[in-house]
Amino acid sequence: MNLSVECGSCGHQGVVDGPKLWRWFAVHRWNGSIERVGQHLRCSVCKRRPSKLEATQAQPSVEFGPRSEREWQAVVKRLRG
């Protein structure tokens with residue numbers, strides 16, 4: 001499942017790739033429960049926290065996170081090093 005996100009301030013909406021988001025949270029060792037996810041996300045337009053999060057099967061519309069395995073490994077190295 002992917003994550004539909006809506007900003008309560010400016011109304012910007014997007015769909016984030018669920019598996020990529022899960023991996024991002026796992027690499028950072030953050031709590032990935034739906035109640036806590038919004039604390040780590042920000043609107044790409046107004047930089048405020050999202051107000052509405054829900055699981056969806058819609059295709060991702062927001063580019064998020066590393067684009068290759070090499071970039072993922074660089075993130076892991078930076079966080080663990």
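This report describes a predicted model of a protein chain, moving from its sheet to its core, its aromatic rings and some residues in its loops.

**The sheet**

Three strands form an open sheet in the order β2-β1-β3, and their pairing is antiparallel. Strands β2 and β3 stand at the edges with a single partner strand each, so one side of each of them is left without a neighbour in the sheet. From one strand to the next, the twist averages 20 degrees.

The pairing of β1 with β2 runs over four bridges and is antiparallel. Two positions show how the strands face one another: glutamate 6 has glutamine 13 in β2 as its bridge partner, and valine 5 stands opposite glycine 14 in β2. The hairpin made by these two strands has five residues between them, and in this hairpin glycine 11 takes a positive phi near 85 degrees.

Cysteine 10 also belongs to the loop between β1 (2-7) and β2 (13-16). With a relative accessible area of 40%, cysteine 10 is partly exposed, because a residue counts as buried under 20% and as exposed over 50%. When its neighbours within four places in sequence are left aside, cysteine 10 is in contact with Cys43, Val45 and Cys46. For valine 45, the separation from cysteine 10 is 35 residues in sequence, while the C-alpha atoms of the two are 7.8 Å apart in space.

In soluble globular proteins, nonpolar side chains tend to be buried together. The largest nonpolar core of this model has eleven residues, among them Leu3, Val5, Leu21, Trp24, Phe25, Trp72 and Val75. Two or more residues of this core come from each of β1, α1 and α3, and α1 gives the most, with four residues.

Valine 75, a member of this core, touches Trp24, Val27, His28 and Pro66, not counting residues up to four places away in sequence. Valine 5, which was met above opposite glycine 14 in β2, is also one of the core residues.

**Aromatic rings**

A pair of aromatic rings is described by the distance of the centres and the angle of the planes. The structure holds three aromatic pairs, and two of them are set out in the table.

| Ring pair | Distance between centres | Angle between planes | Arrangement |
|---|---|---|---|
| Tryptophan 24 and phenylalanine 64 | 5.6 Å | 75 degrees | edge-to-face |
| Phenylalanine 25 and tryptophan 30 | 5.2 Å | 80 degrees | edge-to-face |

Which parts of the chain does the pair of tryptophan 24 and phenylalanine 64 link? Tryptophan 24 is in helix α1 (residues 18-28), whereas phenylalanine 64 is in the loop between β3 (50-56) and α3 (69-80), so that the pair links distant parts of the chain, 40 residues apart. Tryptophan 24 counts as buried, at 17% relative accessibility, while phenylalanine 64 is partly exposed, with a relative accessible area of 21%. In the other pair of the table, phenylalanine 25 is buried, with a relative accessible area of 4%, and tryptophan 30 counts as partly exposed, at 30% relative accessibility.

Ring pairs also link Trp24, Phe64 and Trp72 into a cluster. Over the ring of tryptophan 72 sits the charged end of arginine 23, at 4.4 Å from the centre of that ring.

**Residues in the loops**

Most residues other than glycine have a negative phi, and most peptide bonds are trans. Arginine 29 is not a glycine, yet it has a positive phi of about 60 degrees. Its place is the loop between α1 and α2 (34-37), where arginine 29 counts as exposed, at 65% relative accessibility. Lysine 47, which is likewise not a glycine, has a positive phi of about 70 degrees and is found in the loop between α2 and β3.

Is glutamine 57 buried or exposed? Glutamine 57 is exposed, with a relative accessible area of 68%, and it lies in the loop between β3 and α3. Although glutamine 57 and asparagine 2 are 55 residues apart along the chain, their C-alpha atoms are separated by 5.9 Å.

Terms used. Residues numbered from 1 in each chain as written. Heavy atoms only, no water. Buried < 20%, exposed > 50% of the residue type's maximum accessible area, 1.4 Å probe, protein only. Contact = heavy atoms within 4.5 Å. Phe/Tyr/Trp six-rings, centres within 6.5 Å; stacked < 30°, edge-to-face > 60°. Lys NZ or Arg CZ within 6 Å of the ring centre and 35° of its normal. Core = buried A, V, L, I, M, F, W, Y, C linked by side-chain atoms within 4.5 Å. Pairing = 2+ DSSP bridges. Axes fitted to C-alpha atoms, helices over the stretch in contact; angles between N-to-C directions.
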